[in-house]
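Visitor: I would like to learn how to read the fold and the chain contacts of a model. Please show me the structure first.

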Amino acid sequence: MEILETKGIKKSFGGVTAVRGVDLQVEEKEIYSVIGPNGAGKTTLFNLISGFHKCDEGRVLFKGADITNLAPEKIVQLGMGRSFQVTSVFPRLTVFENIQATSLVTGGQGLSLFSDASKMRLKNTEEVLSLVELVDKRDELAGTLPAGDRKKLELGIVLATRPEMLLLDEPTCGMSPVETTGTIELIRKIAREMSLTVLLTEHKMDVVFSVSSHITVMNFGVVIAAGKTEEIRNNKLVQDIYFGSTDQPSGR
Amino acid sequence: MTNANKTKWIAGSAVALALIALPFAVETWISQYYLYLIIKIIVWALFATSFNLVMGYGGMMSFGHAAFYGAGAYTCALLMVKTSCPMPLAFLTAPLAAALAGLVIGYFSVKIKGIFYFATLTLSFAQLLYILVFKWRSFTFGDDGIQGIASPALLSTLDTYVNYYYFALVVSSICFYIMWRIAKSPFGMILRTLRENPERSTFIGVRIQRYRLSAFVISAFFSGVAGALYVFLETSVAPDVFKWSVSGEVLLMGLLGGMHVFFGPALGAVIMVLLNSFITSYTEYWGLFIGITLILIVLFFPQGVGGLINEQLRSTMNRKAA
């Protein structure tokens, strides 16, 4: 059953059309990737789905409900969390506070005025800290963490919103090969344990082909191919347009 | 009780005893003027701390906080001279009027994107109130201000400041305690996320405008209390309380003391009021000294004096723990 569907969504910035009528169908509990060269419109597509930008045309359906142009905070409350290409955390808050603040908002306790936020024992916070393997770093400031841990923390923040679907914009961006493998394993494990649907964009082709069940390929704001991972791997048009040769994609 | 808690309890008790004994020591060994100065510090410390809920915690660059300080002060003064309102009622109404001003100004300001526009709009609102009070002579007495605002005999500052000192101390302590609890609360934590990364806050489900407006109203309420305390200390008020320079001073106190430490702005108030008082007795160019001090602080201790002390305390405690 489809959890997310986009129907002909379009977005222009000034005279530049970034997304030109993209259709997407993501099934529940699958890992789905959107790939394409720089400027293909992947991040804009994410921004349109998550409410960060408003669509000029088209519709976005999430769990059957029309969420087109809904405010991001409302989309989060419906169960869709997202990460950003440039890691987005709260730098001068500790790792614990980053997750705790999110848990408080998720639990509807954000406007509480007189409890001590740091001393509130929230099951959600402890679970997420352990899921993203940051228990030992709970008292460190988020801004002082190495890049890999910051990405993990951002994933933790997203998970603390208790999502049903994750939108991950280049989750391994800037990571070493070892960190990349660890992060992808972590995403896989979390998606399985929490029964989550994952939509991700990624530049590292080996990552994309190893985790995804379906792939959509974009170029210049349009979908040039969509299908199961094997179909995309063997699609000649994709190889020609995206990889610039007819060689099998083997990773970048 | 752990050792750390014991130390905190002993330090807290010592500070409380010192504050209780202070007026007698000052009156006996120094002079009444210094007691007046201490109350002035309390008023500014309260104002600066309330301002910091918006600026230091919420990351909102308000350049118009004088509006709320002035609203509290003028509400009190007008109620006292125009009606037969008793002092306690006037005193309690002041923060409510300031909070109402916070609600109206905040309603428009929190919708604005961009620090510069936010600062400009809040400044404009405060200047608007300044002009209104300045020009509406028939109601506000214009630039003459309002004189002879009498406190009840018990709090009168005609012969001694001692009673008013205790009154200001109790009122401000209650306000500091409430603001401290708010700063540590879930609301305070979410406010800090807005300061750090509002975009991310939106994507954890925070309705930013609602939080910002709430912070604005709470901050305005306590600024109004400071304004009311000021009126009964001076027994007069002039439109200058709304002026941009008052908003600027409270901002400087925050920068001097440190915006990311709860008591930083209060420390900034102590430094500013004392520097102002001592330097003006030698030269009229006290602003020059404040300017130089501020430049040095921003260049070498951007976290402010309070931030610096906090860091030192933390590293000392870490060394002891190790």
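This is a predicted model: local features need pLDDT of at least 70, side-chain atom pairs count only at pLDDT 80 or more; totals for chains, interfaces and linings use all residues.

Visitor: How many helices and strands does chain A have?

Guide: Helices (H or I, at least four residues) and strands (E, at least two) are DSSP runs, numbered from the N terminus. Chain A has nine helices and 10 strands. Its radius of gyration, taken over C-alpha atoms, is 18 Å. The globule rule (2.2 Å times the number of residues to the power 0.38) gives 18 Å for 252 residues, so chain A is as compact as a globular protein of that length.

Visitor: Is strand S7 of chain A mostly covered or uncovered?

Guide: A residue is buried if 20 or more other C-beta atoms, placed from the backbone, lie within 10 Å of its own. By that count, 45% of the 252 residues in chain A are buried. In S7(A), residues 165-169, five of five residues are buried. Met165(A), Leu167(A) and Asp169(A) point one way, and Leu166(A) and Leu168(A) the other.

Visitor: Which strands pair with S7(A)?

Guide: Two strands pair if DSSP finds at least two bridges between them. Strand S6 (residues 80-82) of chain A runs parallel to S7(A) and is joined to it by three bridges, with Gly81(A) opposite Leu166(A). Strand S8 (residues 197-201) of chain A also pairs with S7(A) in the parallel sense, over five bridges, and Met165(A) stands opposite Thr197(A) there. From S7(A) the chain passes through helix H6 (residues 177-193) to S8(A) in a right-handed β-α-β crossover. Right-handed means that, with the strands pointing away from the viewer, the path from the first strand over the helix to the second runs clockwise.

Visitor: How many residues of chain A are in contact with chain B?

Guide: Two residues are in contact if their C-beta atoms, placed from the backbone, lie within 7 Å. Here 29 residues of chain A contact 21 residues of chain B. Helices H2 (72-78) and H3 (95-106) of chain A each supply at least two residues of that side of chain A, and H3(A) gives the most, with seven.

Technical notes: Residues are numbered from 1 along each chain as its sequence is written. Chains are lettered from A and ligands numbered from 1 in the order in which they are written. A residue is buried if 20 or more other C-beta atoms lie within 10 Å of its own, exposed if 12 or fewer, and partly exposed in between; C-beta atoms are placed from the backbone.
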